[in-house]
Amino acid sequence: MTTAGQKPAGTATFKRMLRKETLRRGGAHEVNFLNITAMLDMMTIILVFLLKSMTTSNNVPQSNDLKLPASVLTTEASQEGLPVLITKKGINVGENEVVPVPPDASNGVDAQYKKNGANDLYITRLGTALSSFRETDKAIRTATGKDPNSSEAIIVADENTPYRLLCEVLYTLGQNEFAKFHLMVNQGAKQ
Amino acid sequence: MAEEKLSAAQRSKIRRLSAPKELAPDEEGGELNIVPFLDIVMNVLMFVLATVSVTFTATIDTFPPRAGGGGRGASQQQNTLGLTVLVVPDGFSLKARGGNVAPGCESVGEGLAVPKKNNEYDFKTLAKCAKRLKGSSPDFEDETSVTISANKEIPYKAVVGVMDALRSDPETAPDAKEKKEMFPDVQFGLVK
């Protein structure tokens, strides 16, 4: 409301005052929250790196039943082949336990699981599991241009596995056309 | 120049126009609120770091065991060492083409070549003994295979220890990038 006789200010003055007031009331650009995008990027990269290194460097679940022996070797672990696990409780092919291991395995697995009694080295149930994998692997090897005459196996054995049991497993593998074994060990032992 | 005075209507209009605008909830900040997501990522990261024990693995390549010991093919020739290491509860027995290696690793004779020391397997002496045998003739220079056998109750870690001891020259300089290889090709012997 204008007072009598007061002339309103011109448009230029009005706009200048409006700008001035807007700046005063709005103040500087207000930061409502911290910009954490850069930190988030960094953390996501670290997370992806950790998850990736977990899956590639060590996918062997070690526990009281399966503790790998230490070796001075520092070469990279071979990833090619069928994983055969020898724990204190059983022999596993892939995810499945095929033969139980007795508490005292210095004579190998129980005679009932062997082809010709206690002195034999061939473990029948392990052989059956291996031959099934071998057929699949033979087809894959033929298709991918690799030598189909033999397969490979990764032996993941507990450090206290008796030599007799180890030999029984290796012998059974050999009898099922597995011609190369990769014995998995932990790096970092002192010589 | 005297500044023109604003009228009351103009002052009122300026107050109205210069008032900060209240943003609608969906316009606020113009950015996604990623704080809850960040919390989740942070928790997962903490969990992963706390639970993962980084252990690196390696693999030792070998072949199916052969009954009766002896290397693969090469040991059948006369001018090869044909080294066989037998792991027994009291130490290591070594056999080569010339016969059983006597204690001390100096000559051929009966007994354990490398007995246990302080009730533990003496891998260092075994490595030195293997080096001595390999160096005993220029014909053995290129021989890289060894047969390892053991008593039935010998633990796998002892066998891995033997493989480590025989793999490379124990007297390579510590700062050498690559150790000189001795017997990296391992063959397991079967004990019936």
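Select helix α4(B) to start: this helix is mostly covered, with 11 of its 12 residues buried. Keep in mind as you look around that you're viewing a predicted model.

Want to see who is tucked away? Among the buried residues of α4(B) are Y156(B), V159(B), G161(B), M163(B), D164(B) and R167(B). Now check the helix end to end. It covers residues 156-167 of chain B, and going from its first C-alpha to its last takes you 16 Å, close to the 16 Å expected at 1.5 Å a residue.

**Next stop: a loop in chain B**

Stay in chain B and pick C105(B). You'll find C105(B) in the loop between β4 (99-100) and β5 (114-115). Is C105(B) buried or exposed? C105(B) counts as buried because its relative accessible area is 8%, and the cut-off for buried is under 20%. Now look at the backbone: C105(B) has a positive phi of about 65°, although it is not a glycine. Why point that out? Most residues other than glycine have a negative phi.

**Over to chain A**

Color chain A by secondary structure. How many helices and strands does chain A have? The count is 4 helices and 6 strands. Follow them from the N terminus and you'll pass α-α-β-β-β-β-α-β-α-β. Chain A has 191 residues, and 41% of them count as buried.

Now click on E177(A), in the loop between α4 (163-175) and β6 (178-187) of chain A. E177(A) also isn't a glycine, yet it has a positive phi of about 65°. With a relative accessible area of 38%, E177(A) is partly exposed.

Zoom in on M42(A), which sits in helix α2 (residues 37-57) of chain A. M42(A) is partly exposed, so its relative accessible area of 47% falls between the cut-offs of 20% and 50%.

For the last stop, select R25(A) together with K5(B), R11(B) and R15(B). What do they form on the surface? They gather in a patch of positive charge. Pick out K5(B) from this group: it lies in the segment before α1 (8-18) of chain B. K5(B) is exposed, because its relative accessible area is 64% and exposed means over 50%.

Methods:
Residues are numbered from 1 along each chain as its sequence is written. Chains are lettered from A and ligands numbered from 1 in the order in which they are written. This is a predicted model: local features need pLDDT of at least 70, side-chain atom pairs count only at pLDDT 80 or more; totals for chains, interfaces and linings use all residues. Side-chain values use heavy atoms; hydrogens and water are left out. Patches are made of residues with over 30% relative accessible area and no salt bridge: like charges are joined within 9 Å, nonpolar side chains (Val, Leu, Ile, Met, Phe, Trp, Tyr) within 5 Å. Accessible areas come from the Shrake-Rupley method with a 1.4 Å probe; for residues, only the protein chains shown count as cover. A salt bridge is a side-chain nitrogen of Lys or Arg within 4 Å of a carboxyl oxygen of Asp or Glu. Lys and Arg count as positive and Asp and Glu as negative; His and the chain ends are not counted. The place of a charge is taken as NZ of Lys, CZ of Arg, CG of Asp or CD of Glu. Helices (H or I, at least four residues) and strands (E, at least two) are DSSP runs, numbered from the N terminus. Buried means under 20% relative accessible area, exposed over 50%, partly exposed in between (1.4 Å probe, protein chains only). The expected span of a helix is 1.5 Å times one less than its number of residues.
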